[in-house]
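Trainee: Please take a close look at one chain of this model, the second one, and then at how the other chain meets it. I would like one connected account.

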Amino acid sequence: MSSSVLYDIPGPQARRRTLISSLVAAVIVAVVIVLVVLRLAEQGQFSGEKWGPLVNPFDPSFAAVWNLLGQALVATLTAAGLTLVFSLVIGTIFAVTRVTASRSYRWLVVGVIELLRGVPVVIAIFFAARVLPEVGISLPILWYLVIGLTAYNSVIIAEIIRAGIASLPRGQSEAGYSLGLTRGQVLSTILLPQAFRVMLPALISQLVVIVKDTSLGFIISYEEFVRTANIIIQTLRNPIQTYIIVAIIFIAINYSLGKLAEYVERRLSRARTTAAAPTHAGAVDTGAAGGG
Amino acid sequence: MGVIVEQFPLYVQGFLQTVRICILAAVGSLILGTILAAFRVSPVPPLRAVGAAWVTVFRNTPLAVVLFAVAFGLPELGINGSYFWFGVAGLTLYTAAFVCEAVRSGINSVSAGQAEAARAMGLTFSQSLSLIVLPQAFRTVVPPLGSVIIAMIKNSAIVGAFGVGGDLFAVGVQLTSAQGYAAAGVLTGVLLGYLILTIPAGIVLARLERKLAVAR
């Protein structure tokens, strides 16, 4: 429903009113921006000293700073990639177990999923980093981050896949059974491939959450963007500028992933003519606001 | 696990601090998010742009980055405060973007025919919005808003990690790092604190969702 349904097509008077309020709003927004910029300029936040190392290739610190940021990017993508792979594998196992579990122990699977869903990701990461060494499992920091992130994201992905399976028409599994396929064969050759396809947009959106959550590695000193930014700030003393650059990098990565998800969703909804209408990517609550 | 009994008062304090952060940020982000949603459906282009920009920036930036940017940025703008308020502010700004999207999708989910019928009957804009569209939007908005708030409760732990102090997460750090308790016991206590908040909230939400579900 576009907002135009709420009111008639504006006549000359309404158009004039809209124009006036647009101008007023634009002026207010502009004034706020100017005030902020002036204030920052007053504090010397636009000085070459603060921005130079980040944006001027001839600055002596430029190469070192971007080298650090490049390493942070690699660290972030490594952690996100590993988390995605593990979460997909474990999430699929969770989903299949939940779908096929007999009633006698389904509550157990559901219980574990609900429990892990209620745990803040930071705590999961911190838990992995502090408790695993206590029980004698010492790993590189990267793995604590990946384990913490996987604990949370695998159950979310399990729910996405389960919703994908549920969205398929019954005829799919019925046809499989009538051909004499076993339950396992129906799942692995008929239901799961289609569920992944239907849920691809939701899975990509979850990847955005994973990328964002890798930033929590800073609490266990994993050198992703936030930790790296804090290191840069210690020498350059330019927190605002560094965080603006880090935010821009994150927005660039995640905005493109979001657009990719939208594109895939459009393509899928055009391609699917036989099966049921695809569930909307947001059908499962992927904890959209999940994590940081 | 003995630590939970030994340090129970500290846990209670941390729990209350977490609840305090959550209530402040929830109220703030619901108000701010609704205003942003109104911006996004308004016929005024500059306001729509502000809403869209806000959502794009804050949905794609990690909360940790938002928090650090707020803590370093606000003092430069002449806004000073304690880390507690910076933490609450960061969490509010971040969550407002998700509230905005939930509210907006709720308004958009009311089928066009409803508003058209209202207009055909001669109701004015404000009448059709307040009598026809919003009451129906409310039903669809409650479940997604609930999950946003539950996610926010979990995100409040990041505010603690960022250094607000005194909340459940900080209690966990203090007991393991400074007082040398075994992490397994300490963190189980911390986890229980969060689960006390999130699991009942999830159950209430599921109930509400079933109750408010309407066939469309």
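Mentor: Read along the sequence, chain B of this predicted model runs α-α-α-α-α-α-α-α-α. Its secondary structure amounts to nine helices and zero strands. Taken along the principal axes, the C-alpha atoms of chain B fill a box of roughly 70 × 45 × 25 Å. Of the 216 residues in chain B, 48% are buried. Among the contacts in chain B with a separation of 6 or more, 76% are between residues 24 or more positions apart.

The UniProt record, an unreviewed entry, places the annotation "transmembrane region" on residues 18-39, 51-71, 83-103, 157-175 and 181-206 of chain B. Two of these spans can be set against the model. Residues 18-39 of chain B are 100% helix and 0% strand, with 31 Å between the end C-alpha atoms. Residues 51-71 of chain B are 90% helix and 0% strand, and there the end C-alpha atoms lie 23 Å apart.

Next, a helix pair within chain B. Helix H8 (residues 168-178) and helix H9 (residues 183-212) of chain B have axes that come within 9 Å and cross at roughly 170°. Because angles over 145 degrees count as roughly antiparallel, H8(B) is roughly antiparallel to H9(B). On the H8(B) side the contact is made by B:Leu168, B:Phe169, B:Val171, B:Gly172, B:Leu175 and B:Thr176. H9(B) brings B:Ala183, B:Val186, B:Leu187, B:Val190, B:Gly193 and B:Tyr194 to the contact. By class, this contact of H8(B) with H9(B) has nine nonpolar, three polar and no charged residues.

B:Ser128 counts as buried because it has 23 C-beta neighbours inside 10 Å, where 20 or more are required. B:Ser128 and B:Val19 are separated by 109 residues in sequence and by 38 Å in space, C-alpha to C-alpha.

One helix pair spans the two chains. H1(A) and helix H3 (residues 45-60) of chain B pack with their axes 7 Å apart, at an angle of about 45°. That angle makes H1(A) oblique to H3(B). The residues in contact are A:Ser22, A:Ala25, A:Ala26 and A:Val29 of H1(A), with B:Pro45, B:Pro46, B:Leu47 and B:Val50 of H3(B). By class the contact of H1(A) with H3(B) has seven nonpolar, one polar and no charged residues.

As for chain A itself, there are eleven helices and zero strands. Buried residues make up 36% of its 292 residues. Of the contacts in chain A between residues at least 6 apart in sequence, 75% join residues at least 24 apart. The unreviewed UniProt entry lists "domain: ABC transmembrane type-1" for residues 73-261 of chain A. Over residues 73-261 the chain is 84% helix and 0% strand, with end C-alpha atoms 21 Å apart. For "transmembrane region", UniProt (unreviewed entry) lists several spans of chain A, including residues 68-95 and 107-129. Residues 68-95 of chain A are 100% helix and 0% strand, with 39 Å between the end C-alpha atoms. Residues 107-129 of chain A are 87% helix and 0% strand, and the end C-alpha atoms lie 29 Å apart.

A:Ser221 is found between helix H9 (200-213) and helix H10 (225-236) of chain A. Phi of A:Ser221 is near 65°, a positive value in a residue other than glycine. Most residues other than glycine have a negative phi. A:Ser221 is exposed, with 10 other C-beta atoms within 10 Å.

Note on methods
Residues numbered from 1 in each chain as written. Chains lettered and ligands numbered in written order. Predicted model: local features only at pLDDT ≥ 70, side-chain atom pairs only at ≥ 80, totals over all residues. Axes fitted to C-alpha atoms, helices over the stretch in contact; angles between N-to-C directions. Helix = DSSP H or I, 4+ residues; strand = E, 2+ residues; numbered from the N terminus. Parallel < 35°, antiparallel > 145°, perpendicular 65-115°, else oblique. Contact = placed C-beta atoms within 7 Å. Nonpolar A, V, L, I, M, F, W, Y, C, P; charged D, E, K, R; others polar. UniProt positions renumbered as here; feature names shortened; annotations may be inferred. Buried ≥ 20, exposed ≤ 12 C-beta atoms within 10 Å, placed from the backbone.
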